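Please consult the sequence and coordinates shown below alongside the text.

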Amino acid sequence: MSSNVKKEVQKIADKTAWNPMRLVSSWGVRSNHAYTAGLLSVGVSLATWLVSRGKNDAKSQSDRWGIFIGQWAPTFFALGVGLKLEEES
């Protein structure tokens with residue numbers, strides 16, 4: 001295949017490929033939004049754990065709530081990285 005044909009095939013493939021980061025970016029979500037959500041989820045995780053402990057819930061239940069919400073932070077940070085790469089491309 002010639003170089004021009006390869007470029008055209010790649011261009012068509014790029015247009016038809018589903019890119020979730022491009023889709024989310026087209027909605028106006030930026031990497032800073034995801035990073036902020038990640039930092040907020042760390043605080044919400046701590047607050048949820050403290051509130052649950054204050055209600056005299058079982059320690060294991062408090063820990064479960066804190067861990068459940070704490071898992072959101074890495075997800076938001078990963079989305080932030082993906083969105084940042086999309087913004088730079």
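Leucine 39 is exposed, with a relative accessible area of 60%; the classes used here are buried under 20% relative accessible area, exposed over 50% and partly exposed in between, with a 1.4 Å probe and protein chains only. This residue belongs to helix H3. Between leucine 39 and proline 74 the C-alpha to C-alpha distance is 9.6 Å, at a sequence separation of 35 residues.

The model is predicted: local features require pLDDT of at least 70, side-chain atom pairs count only at pLDDT 80 or more, and totals for chains, interfaces and linings use all residues. Residues are numbered from 1 along each chain as its sequence is written, and side-chain values use heavy atoms, with hydrogens and water left out.

**Overall architecture**

The protein has 5 helices and 0 strands, where helices (H or I, at least four residues) and strands (E, at least two) are DSSP runs numbered from the N terminus. Its radius of gyration is 20 Å, well over the 12 Å that the globule rule gives for 89 residues, so the protein is more spread out than a compact globule. That radius is taken over C-alpha atoms, and the rule is 2.2 Å times the number of residues to the power 0.38. Along the principal axes, the C-alpha atoms fill a box of roughly 70 × 20 × 15 Å.

Of the 89 residues, 18% count as buried. The exposed surface comes to about 6,600 Å², of which carbon and sulfur atoms supply 65%; accessible areas come from the Shrake-Rupley method with a 1.4 Å probe, and for residues only the protein chains shown count as cover. Among contacts between residues at least 6 apart in sequence, 76% join residues at least 24 apart, a contact being heavy atoms within 4.5 Å.

**Helices H2 and H3**

Helix H3 spans residues 31-54 and includes tyrosine 35; serine 31 also lies in helix H3. Valine 24 is placed in helix H2, residues 20-26.

| Residue | Relative accessible area | Contacts |
|---|---|---|
| Valine 24 | 22%, partly exposed | Val29, Leu83 |
| Tyrosine 35 | 27%, partly exposed | Phe77, Gly80, Val81, Lys84 |

Two distances extend this picture. Valine 24 and glutamate 86 are separated by 62 residues in sequence and by 9.8 Å in space, C-alpha to C-alpha. Tyrosine 35 and leucine 23, in turn, are 12 residues apart in sequence and 18 Å apart in space by the C-alpha to C-alpha distance.

**Aromatic pair**

The structure holds 1 aromatic pair. Phenylalanine 68 and tryptophan 72 form this edge-to-face pair, with 5.7 Å centre to centre and 75° between the planes. Rings of Phe, Tyr and Trp (its six-membered ring) pair if their centres lie within 6.5 Å; planes under 30 degrees apart count as stacked, over 60 as edge-to-face and the rest as tilted. Phenylalanine 68 is partly exposed at 48% relative accessible area, and tryptophan 72 is partly exposed at 38%.
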